[in-house]
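Let's take a friendly walk through this model together. Have the sequence and the 3D view ready, and follow along as each residue comes up.

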Amino acid sequence: MLPPRFIFLAIITPDDDESVVDRQQRTAWMLCSPNNRILGRGERPFDTDAQCREAVLGVVHAADRLNAVSTALGTSGHWVWRVELDGVPVAVSHRSYLRARECQYNVGRFLAALPDALLTEGRRLLREAPRAVDRLTRGTQETPAGPRRDRGDAAWRIKTA
């Protein structure tokens, strides 16, 4: 079985021209378990691939200084976690959880996977969903979708060819 691994994502905004391969794109990371489940993701995207990989190595090397924080989301009752390094968020849950104990269990899985995780080569393309504000400024009458359990608070979709 494969060990846990960091996967790097090239973020494409809706206005980007997909045919332009050499264009600089933001890079994000996520940590996946051996069975391909997303355990968590970086708190923010980075301007370059090198910055993103350096941030991942910083999180791995500082594993003994990481602090996990769980938070309830407003009135929904769902829970999310974040991992902080010296008070600065570096990783967040990929999705929300119905119960606090599920949230605690999953952040524990994320932290346990860090030391053994491999860094993958290359980047996968990721399409960033348009934000509600962008839709409103373009004059569409679309109502922003509510939170979805399968993507948590992340507004990202992995591009599938």
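Leaving aside neighbours within four places in sequence, W81 is in contact with L39, G40, V69, S70, A91, V92, S93, Y97, C103, N106, V107 and F110. Contact here means heavy atoms within 4.5 Å. This is a predicted model, in which local features need pLDDT of at least 70 and side-chain atom pairs count only at pLDDT 80 or more, while totals for chains, interfaces and linings use all residues. Residues are numbered from 1 along each chain as its sequence is written, and side-chain values use heavy atoms, with hydrogens and water left out.

W81 also belongs to the largest nonpolar core, which has 23 residues; F6, W29, L31, W81, V83 and F110 touch the most other members. A nonpolar core is a set of buried Ala, Val, Leu, Ile, Met, Phe, Trp, Tyr and Cys residues joined through side-chain atoms within 4.5 Å. At least two residues of this core come from each of β1 (5-12), β2, α1 (49-61), β5 (79-85), β6 and α2 (100-113). The helix α2 gives the most, with 4 residues. These helices (H or I, at least four residues) and strands (E, at least two) are DSSP runs, numbered from the N terminus.

Now to the strands. Is strand β3 (residues 38-42) largely enclosed or left open? Of its 5 residues, 4 are buried, so β3 is largely enclosed by the rest of the structure. Buried means under 20% relative accessible area, exposed over 50%, and partly exposed in between, using a 1.4 Å probe and protein chains only.

The table lists strand pairs; two strands pair if DSSP finds at least two bridges between them.

| Strands | Bridges | Direction |
|---|---|---|
| β2 (residues 26-32) and β3 | 3 bridges | antiparallel |
| β3 and β6 (residues 88-92) | 2 bridges | antiparallel |
| β5 and β6 | 4 bridges | antiparallel |

You can trace some of these pairings residue by residue. R41 in β3 has M30 opposite, and the bridge partner of R41 in β6 is V92. G42 stands opposite A91 in β6, while E84 faces P89 of β6. β2 and β3 form a hairpin with 5 residues between them, and N36 in the turn has a positive phi of about 70 degrees. In the hairpin of β5 and β6 there are 2 residues between the strands, and D86 takes a positive phi near 55 degrees.

Let's stay with D86 for a moment. This residue is found in the loop between β5 and β6 and is exposed, with a relative accessible area of 56%. The side chain of D86 makes a polar contact with the side chain of R65 (2.6 Å). A polar contact is a pair of N or O atoms within 3.5 Å; within protein, one must be able to donate a hydrogen and the other to accept it, and residues adjacent in sequence count only if both atoms are side-chain atoms.

S96 sits in the loop between β6 and α2. Is S96 buried or exposed? S96 is buried, with a relative accessible area of 6%, and its side chain makes a polar contact with the side chain of H78 (3.0 Å).

Finally, a word on confidence. The protein averages a pLDDT (the predictor's confidence in each residue, from 0 to 100) of 79, and 71% of the residues score at least 70. Over residues 132-161 the pLDDT is below 50.
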